[in-house]
Number of protein chains: 2
Amino acid sequence: MSGSVVIAGIGPGDDDLVTPQVTDALAKATDIVGYFPYVDRIAPRDGLTRHGSDNRVEIDRSQHALEMALEGKHVVVVSSGDPGVFAMAAAVFEALENGPKDWLNIDISVLPGITAMLAASARAGAPLGHDFCAINLSDNLKPWSIIEKRLRLAAEADFAMAFYNPRSKSRPEGFERTLEILKDACGDDRPVIFARNVSRPDETIKIVPLSQTTPDMADMRTMVLVGSSQTRIIEREIGPIVYTPRSLTK
Amino acid sequence: MSGSVVIAGIGPGDDDLVTPQVTDALAKATDIVGYFPYVDRIAPRDGLTRHGSDNRVEIDRSQHALEMALEGKHVVVVSSGDPGVFAMAAAVFEALENGPKDWLNIDISVLPGITAMLAASARAGAPLGHDFCAINLSDNLKPWSIIEKRLRLAAEADFAMAFYNPRSKSRPEGFERTLEILKDACGDDRPVIFARNVSRPDETIKIVPLSQTTPDMADMRTMVLVGSSQTRIIEREIGPIVYTPRSLTK
């Protein structure tokens, strides 16, 4: 009996942002694996076993999914946002590459999802409407010197920037340094968007000029978007719109 | 009577990648505006007027949508992929900012979609699993010197890269120069993914080492993803997987 692993993006929180392709995969699963708050989003049903696990055990969870697939199970690994953006797809492939050879025959697929940066961008307007980059600010996975280098090069390239995992309780200093580097490197007062719990009932969107940003404006549930030098704000009575024009005009 | 404009991402092609949020907005629309192949994807029904228009008239189309909203219509502007990524959202906001003042009171929202780079990434594995950038290679909207500068800085930052609109019939030389710059700047033989017509019945995914890439491998229906120095290929009998590990290991 031949099993499968589907790594599925369940979007940033709102069920209306889950694609029919992912909904269909969840309906066919025998087992669901993932960080427990994401697994909890999937309704229990007969024939489905839900395996919620803690944060920071991505490789264990991936190995578990691959082992179950080899036993013939149809496993869905649920991932917040899009699984390919700072999420579970790379973890599963790391486990696969370092695992037993017979895992290489497992049927594995990745189903895209709405990643937090694009949900946040949509709520603010279109700040990523021109060239941009996405950086994971967590320094669990790379040295701070690399993050700093990338921030400076991204500013020099005049990319809009999207930051995932900007600030954890255990390492709050990284985001403070990020803001210092940007204030130094960008040389102008571009808009910064703090989008917390995007698409959830308690969503908040704050638009703050770079010079007025402070580290406490972000936590691990916040997506931070920084405009390029071209990014504009349209002021309206019903709320501002932040967008980056398609053309380079200055 | 108060109308609205919804700028909705209909994903890269497969209807199974359209979010329920977008499907719901389309069901409530009185008018649909967009590039005609995208408008043609929406089934006709009583009470719905479909306004397909040609490519390169994004501002005219945006003005038309805003004018109809002011007349009380519920207009959906359909956009391929995600509307905020090299698509219709920035165009609508450009029209809004440069239009009559009463447009500022129009109810406008953006609904995210699955953008081509993430659909392509999912089909290849997880090449964008670490920090990355997205660049529109069309030089309609910015000078080539800026594109070249961004390519070199992105290589220096060791971002994986996603290229939209890599090569048009009228300007094929840009992509040729892009490949030359990357071969020069990257200094190693990283994987390049050519994903054409992603999620459509005639989808093709080619994985080619950078040294063996040629300009004719891309056209305007191709998404090009370039790995970082860390990107790996898992060779399997059932087809390769390309992924970029979460951690920086070398």
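Domain bounds here come from an automatic or database domain assignment. This is a predicted model, in which local features need pLDDT of at least 70, side-chain atom pairs count only at pLDDT 80 or more, and totals for chains, interfaces and linings use all residues. Residues are numbered from 1 along each chain as its sequence is written, while chains are lettered from A and ligands numbered from 1 in the order in which they are written.

**View 1. The two domains of chain A.** Chain A is assigned domain 1 (4-114) and domain 2 (117-243). Taken over C-alpha atoms, the centres of domain 1 and domain 2 of chain A are 28 Å apart. Seven residues of domain 1 of chain A are in contact with ten residues of domain 2 of chain A. Two residues are in contact if their C-beta atoms, placed from the backbone, lie within 7 Å. On the side of domain 1 of chain A that touches domain 2 of chain A, five residues are nonpolar, one is polar and one is charged. Ala, Val, Leu, Ile, Met, Phe, Trp, Tyr, Cys and Pro count as nonpolar; Asp, Glu, Lys and Arg count as charged; the others, Gly among them, count as polar.

**View 2. The contact between chain A and chain B.** Chain A and chain B each put 57 residues into the contact. On the side of chain B that touches chain A, helix H4 (residues 88-97) of chain B gives the most, with seven residues. Helices (H or I, at least four residues) and strands (E, at least two) are DSSP runs, numbered from the N terminus. The side of chain B that touches chain A holds 34 nonpolar, eleven polar and twelve charged residues.

**View 3. Strand pairing across the two chains.** Strand E7 (residues 132-136) of chain A pairs with strand E7 (residues 132-136) of chain B. The pairing is antiparallel, over three bridges. Two strands pair if DSSP finds at least two bridges between them. Opposite Ala134(A) stands Phe132(B) in E7(B).

**View 4. Helices H3 and H4 of chain A.** Helix H3 (residues 58-70) and helix H4 (residues 88-97) of chain A pack at about 65 degrees, with axes 8 Å apart. H3(A) is therefore roughly perpendicular to H4(A). Axes are lines fitted to C-alpha atoms, for helices over the stretch in contact, and angles run from 0 to 180 degrees between N-to-C directions. Angles under 35 degrees count as roughly parallel, over 145 as roughly antiparallel, 65 to 115 as roughly perpendicular and the rest as oblique. The crossing of H3(A) and H4(A) is right-handed. A crossing is right-handed if the near helix is turned clockwise from the far one by less than a right angle, and left-handed if anticlockwise. From H3(A), the contact includes Glu58(A), Ile59(A) and Leu66(A). H4(A) answers with residues including Met88(A), Val92(A) and Leu96(A). By class, the contact of H3(A) with H4(A) has eight nonpolar, two polar and two charged residues.

**View 5. Helices H6 and H7 of chain B.** The axes of helix H6 (residues 144-156) and helix H7 (residues 173-186) of chain B come within 10 Å and cross at roughly 30 degrees. H6(B) is therefore roughly parallel to H7(B). H6(B) passes H7(B) in a right-handed crossing. H6(B) brings Trp144(B), Glu148(B), Leu151(B), Arg152(B) and Ala155(B) to the contact. Among the partners in H7(B) are Thr178(B), Ile181(B) and Cys186(B). Seven residues of the contact of H6(B) with H7(B) are nonpolar, two are polar and two are charged.

**View 6. A three-strand sheet in chain A.** This open sheet of chain A runs in the order E6-E13-E12, with mixed pairing. Strand E6 (125-126) and strand E12 (232-234) of chain A each have a single partner strand, so one side of each has no neighbour in the sheet. E12(A) and strand E13 (residues 241-243) of chain A run antiparallel, joined by three bridges. Ile233(A) has Val242(A) in E13(A) as its bridge partner.

**View 7. The parallel sheet of chain B.** Five strands of chain B form an open sheet in the order E3-E2-E4-E1-E5, with parallel pairing. Strand E3 (49-53) and strand E5 (107-111) of chain B stand at the edges. The twist from one strand to the next averages 15 degrees. Strand E1 (residues 4-9) of chain B pairs with E5(B) over five bridges. Val6(B) has Ser109(B) in E5(B) as its bridge partner. Helix H1 (residues 20-28) of chain B packs on the sheet and touches E1, strand E4 (74-79) and E5 of chain B.
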